[in-house]
Amino acid sequence: MTMVASNLDAYVDAVVSDVVSWRRYLHAHPELSFQEERTAQFVYDTLCGFGNLILSRPTKTSVVARLVGGRPGGVLAIRADMDALPIREENDFEFRSTVDGVMHACGHDGHTAMLLGTAKILSELQAELPGEVRFLFQHAEELFPGGAQELVDAGVLDGVDQVIGIHLWAPLEVGKIGVRAGALMAAPDTFEITVIGKGGHAAQPHLTVDAIAIGAQVVTNLQHIVSRQVDPLDPLVLSVTTFHAGTADNVIPGTVEITGTVRSFRPDLREEVPALMERVVRGITSAHGADYTFSYTKGYRPVLNDAAVAERLRACLVDAFGEAVVVDATPTMGGEDFSAYQWRVPGTFFFVGAGNPEQGITYPHHHPRFTVDEAALPMGVKAFVTAAFALNRQE
Ligand code: NI
């Protein structure tokens, strides 16, 4: 490690301009989840230029590269997601999206570029690399059921000991890296409720079963699950995000459609929530003479970082960057399909700061003006290369 560590900054410096130009190219040519055909081809073609890599295409829009090092060691998988979002970009820089209504508004362009830069450096250092590094260029993080589970099912983690991944993170200032053992990102579940009343004339409510009045009670009472029925130290979000009913001001509608999301970390709590919700829906509707349907769909599993991997990662990052750079990551109730890998092998997902208020880089992920401070890109590359050497060394 020592020899590489002393030269590491020079290796990173040598790929920075490539990484930035790859990121800008990808930013200008975004593709939606499961449709990343040009992106995957770009990644494949770029990897072909590095040498020493064994390439494969486990699904139509993903790419995996294997690099077998010259020294004994473990097998580390490093993942980057590649998909964009159905958002119309409002940035006006030169490399803004050329596809109307599609935008890299989450930083996945940067993730892909950083992993390409990492593959380039490590392929040059093959003789010194312990073990094997498997580069996972994953499709479809943004759209459930997600690309990660497809890649796991395709066997990309067979023989892998540990997995890591980065999210460029706007809430964290550039220059910082956030690592955390345990819960980092939540399980994003969704629900649909139909309140079934009886429609009629708005002037004669007594002859109807008013689905709007009952639906409003359902929304209000669902909030009591988080505030009154769950331990306040056990994080849970229950948000009603759509409420649709009615067609005219003199008609009481017969039904209301309600949808929303539930976010949780603790798997046991996640299992309890649907029954708690249905009890409220059943109780409120039956109290008012209405009927209901209720369905609950589980999304990605929570991102729960393995304590041992997180600790080894933190230690090697502190060695490479210094104590002041490596901070405790703040958990978020957002979801990530990186969890699919962690259910299979121990892993850690971590944040590389990409926000910069002085440069106006403050917009949140998924905003039409989201962007990242490109100074974050070489930090991500250096973190990945450092981790590849440190985590693959056999203890
Ligand atoms: Ni993302």
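Domain bounds here come from an automatic or database domain assignment. The model is predicted: local features need pLDDT of at least 70, side-chain atom pairs count only at pLDDT 80 or more, and totals for chains, interfaces and linings use all residues. Residues are numbered from 1 along each chain as its sequence is written, and side-chain values use heavy atoms, with hydrogens and water left out.

**Stop 1: the two domains.** Select 2-183 together with 302-392; that is domain 1 of the protein chain. Now select 187-297 for domain 2. The centres of the two domains, taken over C-alpha atoms, lie 39 Å apart.

**Stop 2: the interface.** Show the residues in contact (heavy atoms within 4.5 Å). Domain 1 brings 8 residues and domain 2 brings 10. About 730 Å² is buried between the domains, 79% of it on carbon and sulfur atoms. Buried area is the accessible area (1.4 Å probe) that two parts lose on being put together, summed over both. On the side of domain 1 that touches domain 2, 5 residues are nonpolar, 3 are polar and none is charged. Here Ala, Val, Leu, Ile, Met, Phe, Trp, Tyr, Cys and Pro count as nonpolar, Asp, Glu, Lys and Arg as charged, and the others, Gly among them, as polar.

**Stop 3: the nickel ion.** Which protein residues are its donors? Select Cys106 (SG), His108 (NE2) and His167 (NE2), lying 2.2 to 2.3 Å from the nickel ion. Donors are N, O and S atoms within 2.8 Å of the metal (3.2 Å for Na, K and Ca); water is not among the atoms, so sites may look incomplete. The donor spacing in sequence is C-x1-H-x58-H.
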